[in-house]
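Morning, everyone. Let's take a quick walk through one model. Please have the viewer open.

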Amino acid sequence: MKRTGVFVCHCGINIAGTVDVKKVAEELAKHPGVVHSEDYVYMCSDPGQNLIEQAIKEKKLDSIVVACCSPNLHETTFRNAANRAGINSFRCEIANIREQCSWVHKDKPRATRKATKIAHSAVEKVRQNESLEPLSVPVTRRALVVGGGISGIQAALDLANSGFEVILVERSPSIGGHMIQLSETFPTLDCSQCILTPKMVEVSKHPKIKLMTYSEVQDVTGYVGNFKVKILKKPTYVDPAKCTLCDECTKVCPIVVPNEFDLGLTGRRAIYIPFPQAIPASYTLDDKNCPDISTTIACGKCADVCKPKAIDYDQKPEVIEEEVGAIIVATGFDLYEKENMAEYGFGKYPDVLDGLQFERLLSASGPTMGKILRPSDHKEPKEVVFIQCSGSRDPENHCAYCSKICCMYTAKHAMLYKHHVHDGQAYVFYIDIRSGGKGYEEFVQRTVEEDGVVYLRGKVSKIFEDKGKIVVWGMDTLTGKAIEIDADMVVLAQAMRPSKGAQELAKKFKLAMDKDGFLAEAHPKLRPVESVTSGMFLAGAAQAPKDIPEAVAQASGAAAKAVVILSQERLFHAPTVARVTNNLCTGCGMCVAVCPYDALSLKDGKAEVNEVLCEGCGTCTATCLRSAIQVKNLTQHQVAEMIEACLGG
Amino acid sequence: MAKIDTLKEEARKLLQDGKVKYIIGYGAGSNGWPAAPLFIKQPEDVDKLIWDPTCIHNLVRFLVDEKRRKGKEKPPDKRPVGIFVKGCDSRAIVVLLQEKFIERGDVYILGISCEKAGVVDDAKLAKKLAGKKVITIEVDDENRFVLTTAGGKIEVPVEELLAERCLECRANFPVIYDVLSGEKTKRAVDKPFGSVEKIESLPVEERWAFWKEQIDKCIRCYACRSACPMCYCDECVVDSIQLAVSADTTADEKAGRIKWIQRSAAPSENMIYHLVRAIHLGGRCIDCGECERVCPLDIPLRLLNKKLEKEAKELFDYEVGFDPDLPALISSFRDDDPQDFIR
Amino acid sequence: MEPNVYLPRLAKIIQIKEEVGGARAVKTFRTELVNGGRFDYRCGQCAMLSVFGKGEAMISISSSPLVKDFMQFSILRSGRVTAALHDMEAGDLIGIRGPYGNGFPIDDWKGKNLVFIGGGIGLAPLWSIVQTALLRRKEFGGLSLIYGARTSADIVFKDELRELKSQMPVHLSIDVAEPDWKEFIGFVPTNVLDKKPAPAGTIAITCGPPIMIKFVIKNLKDLHFEDEQIYTTVENKMKCGIGKCGRCNIGFHYVCKDGPVYSWAELRTLPQEY
Amino acid sequence: MEKTLAKKDFPQWVKKLTSWKIYLPKKDAGGRWNYAEADGEDVLETRQATLPPKTILFPQNEILLEFSKSRKGNAETLEVKEVLPPAEPTVVFGVRPCEAKAAWLLDEVFASEPRDIYYWMRRENTTLVGLACTPPPSDNCFCTSVEGSPHAEEGSDILLTDLGDKYYVRSLTAKGEALINAAKGLFEEAKPEDRKKVKAVHTESEKKIQRELKGARAVSEKLKTMFDSPFWDEEAMSCLRCGICTYICPSCHCFDINDEIIDTTPLRGKRVRTWDTCQFPDFTMHSSGHNPRPDKASRLRQRLLHKFQYFVQVYDKFMCVGCGRCITMCPVGIDIIKVLEKVRDHGA
Amino acid sequence: MAEEFEPRIVAFLCKWCSSAGSDLAGVSRMEYPPNVVPIQVMCSGSVSPLYIFSAFNKGADGVLVSGCHPGDCHYIKGNYYARRRLNLVKQLLEYIGLEPERFQMSWISAAEGTKYTQVIKDFVKELKPLGPQSKLRRTP
C-alpha cells in the first residue's frame, strides 16, 4: 500500500515568505499516492510534530514527506516523530525547501514551483523507501594506537586506564616522538624530557598496553568494531631482555651515520640506542646501515663484545596480526623539507638551522650539552636571526597554511638563546605574531620586553655567506627600511608537515587527506577527532599543526571517542547499504574494484556485499553496467523517478 | 594472406582427441555473402572451414551463447570451445577475460593474422562487383584483393575494399591465442581515429544534424547489441523487459525495472539507447565493427564507440583489449586524470 | 464507427481483500464499471486490466457470471502492473477490456460430476466456475475441490473455503508440514492420487502452475480419466488479448482467443509452448 | 480496368493526386531505398526498399490512446482518450507485388474478429499501386516458390507493368479506379498488343527469379513432424537473436503494447503499440520467469513454423511472400530457403 | 511578449559537499535563480551516466553534477571515478552534437556556498541563449 502524507512547513516566514506553502500543499495533494497534504507554521514544534503523528495514525499513512529546512537539521526530529506514530524512520523523507529554495530565491511563483518539484521528488523517493533497521555488529574491545609520540602515548594511556587493551605501534626504535627531542616547552619552560619520560615509562609498564616499537602497520581490513591489522615487526637483532645497556657494542661498531635524534648534528653507530631514556631501553642494529646484515654476514664485532649474548643476527621480520575495535592514528609531523628552503641557504650553510636542530643545541642532553655553539666552528653565535613562517603562509612557493606553533617556539628559542648567551642579540623576522593560547601572548611580550629580542616585521629577501658571517637581507615593513644583519647563525621556523609516509598510511587505513596532506577529520567543527572512516580517530599533528597541549587534548578526545565504541557490546551501522540483484550480476568485478571500503567481493561469480563494511556511497551502482547493484533507499529506480518529478509539471 | 591449413589440422586433432567441445569457425555462406559462421563438432567437417577476407564476423559473440548453454547443461561439459579469431576478435576475448565472463581455459584460440589486409566492406564490395557474383576473394602478394567472378578476375588494392575499421585497426594479429596462423605484421596506421576526428571537426549543429539523421533511421531491431560480444548482459539496462527474471526474482524487483527509455522507436529514445550502449562500451569496445556491419539501416555505430575508444586513449591513456589483468577503464582512475572540464 | 477493441472501459475498485501477504502477496479486487455493473462473460474468461502509466495485465475473472454487481479478480503481485494494482485502494480507477478467451464449456458438463483441482493462485479461474456450479447446483452431479498451496499462509479465499466445506468436499493440502495443519501434506498431484476422484461421469478441471498441471494430468490419467475428461487453462504471456500480437501463439492457436481453456484431448495436440 | 500510361506522364499522375498523401521508393543519401513521401521528382524503379511498405499500414509506433490522471484528496480523476490514425487518403506507388501480397496476408490477421481498427483505418485509406518486378529486385527473391509471382495482384489496388516507354496499368479495385480517374486524361485504353506484351514481360520476369524452394507445400506438411527435432538447435547456432529478419519482413506483424509516460505531475501518458518480434528472448517470457520459448532454436522454429505451417493451417496461405529480405539482411547468413530445404530433405 | 526562456536544470549534488554547500548558500541568503532542482546523492561517484541521459530525455535543459574537490571525497575516491566516468559522458554528448554547456560538472565543498551560487548563476546564464533542449527530449 502506498499512502503518503506531505507536511509543508512555513518556518514562520522563513519559507512562507518566499514560497506559497499552501499552494505547494495543494499541488502535492494532486499527486497520485499522496493521501494527505497540509501546511503548518512550525512543523518541528511540538504541535507540528503532533500534527504529523496524528495524521499518520488517522489517515493510515505509510510514508511521509516533510517539506521544511535542510535534512541536516530536522531529519532526525521528523524521523523520530514518524517512528513514534508507528512507521519506520526510513519511511520519512525531508524536502529541503528552505536552504535550497526559500532562502535563495525572491520570485515567489517560481520559488513555489521549485518547492513543489523538490517535494514531488521527495515523495517519489519515499514511496520506494524500504523500512530498514540498523545493522548490528559485535565489537572487539581493544584498540590500536599508531604513533608513539606524545599524542599516541596520551591516547594509549587514556585507553589503557579506561580498562581497554591497547596496542601501541611506533615506527622508530623508541617512543617519545618529537617531544622527547625538545629542550624546554613554552610558555612555562618546563623541561620537555622531564615531563615526558614518566609517561613513556608508564606506557612500558602498563599491563594493558602492548608496545610494539620498530614496527609498522602493513594492512588494515575490517570495519568499525572489527578491524584486523597486520603489523610488521622489524628485527632489532637485539634481545631487550638480555641487553644490559652496557654500551660496549657501539664502541666497536665501525659504522657511523648521522644521528636522527640530533637531526644530523651528531653521528651514531649502526648499532645504537636512540637516546639514553629510550623506551624500550634497548639497542637496535639498524640493518639499513649495517653493511652486512642483509647478507647475514655481519662483521660480528658487536656480537663478539656482547657479554649477555643479546645480539641475534638471525632475527627475521615478523608479521603480527591483531584484532581491534578502534584505531587512533597519531603519526605526527615532520618539519618542512630542507631541500625546499634553498633560498635561505638551508642545507648549504651549516649554520642555518631548523627549529628542531636548535632545540637540540638548547637541550642539556644535546650534542653541545646545552651550550649554544655554531655547528661550523663550535663558536658561540653572537647575532642570531630567527625567521618565522619559513615554508608556511606562502601559497606560491611553499605551504599555504599557517603552521601555528612557530611564533611560539621562535619566541621560546630567542628567549632561551638570550638566557644562554647574555651578550648575544636575537632578531626575529615575522609576518604576524600569532600567540593565541593561555599565557602565550604574555610569553611573547616577555621575550621582547624582558629579554630584548628584536622583532622585525618583514620578510627576508636573501641570505648569503660572507666572511664567516651569514648575511641576512630583509625589509622592515613597519619602518620601510632595508635591513642587513651579519648573523652568526640563522634559525628557520620551519613549517610542520605531515610525517613522511602519512600518505601511504592514509591509503592503507583508507583515511582521507586534506590538500596539505594532513589526515582529514570527519567534520572540521563538530567531529574534529574522528576520521572519515568510522572507528578510526585522529590525534596530534597528523591532523594539523598543533602544540603539545592541543595534541594531548586531542589525544584524550580521540581516546574518549574510541571508548565510546569499545564500551559497547555491539555497534549499529546505517542499513542503507548496497544490494546485489543476483540475476543481473555477471560477476565482472568492476564494482569490487571501485569499492573504497572493500565491502564487495566476488563469490561464485556474483558480487557479494559485506553490509557492515558498506558505507552506501553508491559508486558501485554507477559503475555497474547492468544496474545489478543498488544502494537501498537510493536505488536507480528511485533516482529515475526523482528526475522525472524534478522535470515534470 | 594467411593460410589456415595448419589451423585446420589443429582443429581436426582437437576434435579427434575430444579436447574441445566444438569449434567455431568460418564456412561458406549461402545468402550472397561468401562466409558465414560455422560450428563444427565432427573432425570430418573440418574441411568445410574457410578463411578469406569475407570472414568478417566476430565469432567471439558465440561464446556468450556458449556460456548460457553451459549454464543449462547438467553436468556442464567443461571442455573449451575452439574459436577462430582475427586480431580485433582476440581483443574481445581479452575483455571477456578481464571481466571474468570467461576463463582462459574456456577457449582454445585459433588465431589468424590479417597481415597486411583485413576484411572487406560489404557495401564497397557490392559497388566494385556491380551486380556480378563473387566466387572467391584472395589477397595477392602485392596486397591487392583478387576477386574471382564468373566473368573473370578483378584486382583491387586492399585499401579500396577494406572495411573502415580495418583501415583504423591497431591489432591486425591476435593478441592472445593458442595457435597462430600468419605473420605478425604490424600495419602502420597513421590516423587511428581519422573517422572520429572528421565528425569532431564539424560545428556542433552539423554534428547533431549528422547523428540525428542516422539515429532517426533506427528501428530498434537490436541487431547491434545482439552482434556485440561485449553486450553479454542477460538484460539490457535500457529494456523494460524482464529477461533476467527467474523463479526467485521478487515482485518488487520485477516492478522496479526502470524504464530508462520507451519502447517506441522515436528519435529521442533511439538516441538514448545508442548513447547508453556507447557509454557502456567505453573502455570495452574493441572495434570489431560488428554493430555497424549488422545494422540493417547502415547507421555508422562504429563512430560512436570509436569516439570513446579515442577518449580512453587520449584522456586516460587506456587501451582496450590488450591486457586481461588491467582494471576496467571506469573502475580505475589516476590522480591526475584531466579535470579541466570541471568548474 | 466500429468499436475499438483496444480501448478499455473505466472501472472502479469497490473492494479490496488481502488474501495472502508477504513476498507472494495476493489480493482480491472487486470492480464495477464506471457506468455501473459489469460486462457479460463466461466462466474461465479473462479480462485485460489497465493501470494507466504502468500497462496492462491479463487476469482471469474469478467471480461467477451469474453475479451481476461486480467483477472479481484475484491477483498475485508479480510484476509492474500487478504491483501497481496491489498499491491501489478502493475508489481508485482502472481500465478493463474484455472478456477474452473461450471459457469453460460448462453447459456441456450438465449432469456430470465436477472435480476442481487447483494450486496457489490457480484457484482464481476455478473460483468463477465453482461459484457458478453452486448457483446452478441442480444441473450438476457431485462437486468437489482439491486445492493446495505452498504453505497455509499462501492459501487464497480462506474464509470462502471454510464456508464452501458445507457445500462440497474440500480437500486442502500444503507442501510441507506445519504445526497446526490437520489436512493433507504434500503436493496437489499427490493429493489427487490420495483422494482418488472416480472418473465415471466426471470432469476434472485443473488450474495452477505449469508443473503442477503436468503432474495432475499424469495422475488423473493414472486414475483412468480420459483426455476428454480433463480440462485445464493455459496462461501464456498476452498483450493484445485478441489473437493478433503473436505472443501467446502455440501452434495455430492463440491462447488469448482460442484458449485459455483446453481439454487435455485438445491441448496434447498442440506444441508444448506454454 | 486496363489502361496504359506513358512513363513520362507518371510524374503528372503523381502531381494530380492532390488529395492523397503519396509514398514511393526513394533512394536516401546513403544509397538505400526507402518508401518516402513524393517530392515532385518521382520516378518508379524496381528496387527493394530496406523496409517494406508495412511501415505505412502497420507503423512501428502506433498511439492507441492517451490518458491523464489526477487526484484530489481521495477522489481520483482519470481521462482516457482514444487516438485514431489520421483518416488521410494515401497512395503507395511502386509497391513490389510481394509486398502488396503481404498486405493481403496482414488483412487476414487484422480482419479476423475482432477487427483491429488502427490497421483498418490505415488500410482502407491507403491505395497500393504495385509495380511488377522486371527484373527481380533482389538475388534472394523467391516469390514464385511461395505461390506468388513477380506480377502478383493480391493486395494491390493497381498493378503497373513496365513496358519500356509506358506502364501497363491494371486497376483491381475501386480504390485503384479512383486513382486513375483522378488523372483520367493521362491514360489510354490498353490495346491488345499491350496485353500481349504484358504477358510476355510477366513470363520473362518469372524466369529471372534466381532462388527457388521446391515443394513449399510439402515443407509445410513436413514441418508438422519436425517440432521436436534437434534440427532446430543446429540451425539456430549462428543466430544472434536480433530482430532484423522479422522487423524487415513484409508479413511479420507481432507487436507489443506499452504505456509511455509524458509527465508524472500530474500523470499523463499514452498507450503505444510498437513492433515486437518472436525472435526477442523476452517475447514470451511469463512474469514468473518461465519462458515457453527459452532459446534461439525454439524461436527460429517459431518464425518458420508460423510462416510455413501454423498460418497455412488457418488461412491456407504461406505467411511468407518470398521477398528474400531476411536472407539478404541476416548478419550471419541464416537462409530461410536453405533451412526449409533441409527440413524438406530431413530424414530422407 | 513571450516569456523569457527559463532553463530547467537538474543538479545531482553530493550530500557531503555540494549539497551542504548549497545549504550554506541558503543560510547565507545568497540569491541565485530558481532554475535548478537539486537531487541529493551520497557521492558524485554514484551518479550513473544513465541519470544524465535520462534527465535530458525527460526534458532537462541542463544537468549539473557536483561533488567534492579531489582528495576531499567523503568516501575517499568516489569523485575520482565520477571525474573519469562523467568526462566520457561529456565527450560523448558533445560528440553527438549536444551543446557542451548543457552538461556541467563542478567541485563545490561544504564551505563554498558562494561558489555554489556562482556556478548556478553562470549555468543559467549560459543556458539561456541556447533555448530549450529538444535533441534528447522525448516526444510528448
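How much area do chain C and chain D bury between them? About 3800 Å², and 54% of that lies on carbon and sulfur atoms. Keep in mind that this is a predicted model. The contact draws 41 residues from chain C and 47 residues from chain D. Charged pairs feature here too: there are 6 salt bridges between chain C and chain D. One of the contacts to look at is D:D256 with C:K239, a salt bridge whose closest N and O atoms are 3.1 Å apart.

Now the nonpolar cores. The largest one has 362 residues. Which members touch the most others? B:I93, D:W232 and E:F12. Zoom in on B:I93. Setting aside neighbours within four places in sequence, B:I93 contacts B:V60, B:L63, B:I83, B:V85, B:I102, B:V107, B:I109 and B:I176. There is also a second, separate core, with 35 residues. Its members include C:F140, C:L164, C:V170 and C:W181. As general background, nonpolar side chains in soluble globular proteins tend to be buried together.

Last stop, chain A. Here we have an open sheet of 3 strands, in the order β24-β25-β26, with antiparallel pairing. Strand β25 of chain A, residues 469-476, pairs with β26(A) over 7 bridges, in the antiparallel sense. To find your place there, look for A:V472, which sits opposite A:I485 in β26(A).

Key. Residues are numbered from 1 along each chain as its sequence is written. Chains are lettered from A and ligands numbered from 1 in the order in which they are written. This is a predicted model: local features need pLDDT of at least 70, side-chain atom pairs count only at pLDDT 80 or more; totals for chains, interfaces and linings use all residues. Side-chain values use heavy atoms; hydrogens and water are left out. A nonpolar core is a set of buried Ala, Val, Leu, Ile, Met, Phe, Trp, Tyr and Cys residues joined through side-chain atoms within 4.5 Å. Buried means under 20% relative accessible area, exposed over 50%, partly exposed in between (1.4 Å probe, protein chains only). Contact means heavy atoms within 4.5 Å. Two strands pair if DSSP finds at least two bridges between them. Helices (H or I, at least four residues) and strands (E, at least two) are DSSP runs, numbered from the N terminus. Buried area is the accessible area (1.4 Å probe) that two parts lose on being put together, summed over both. A salt bridge is a side-chain nitrogen of Lys or Arg within 4 Å of a carboxyl oxygen of Asp or Glu.
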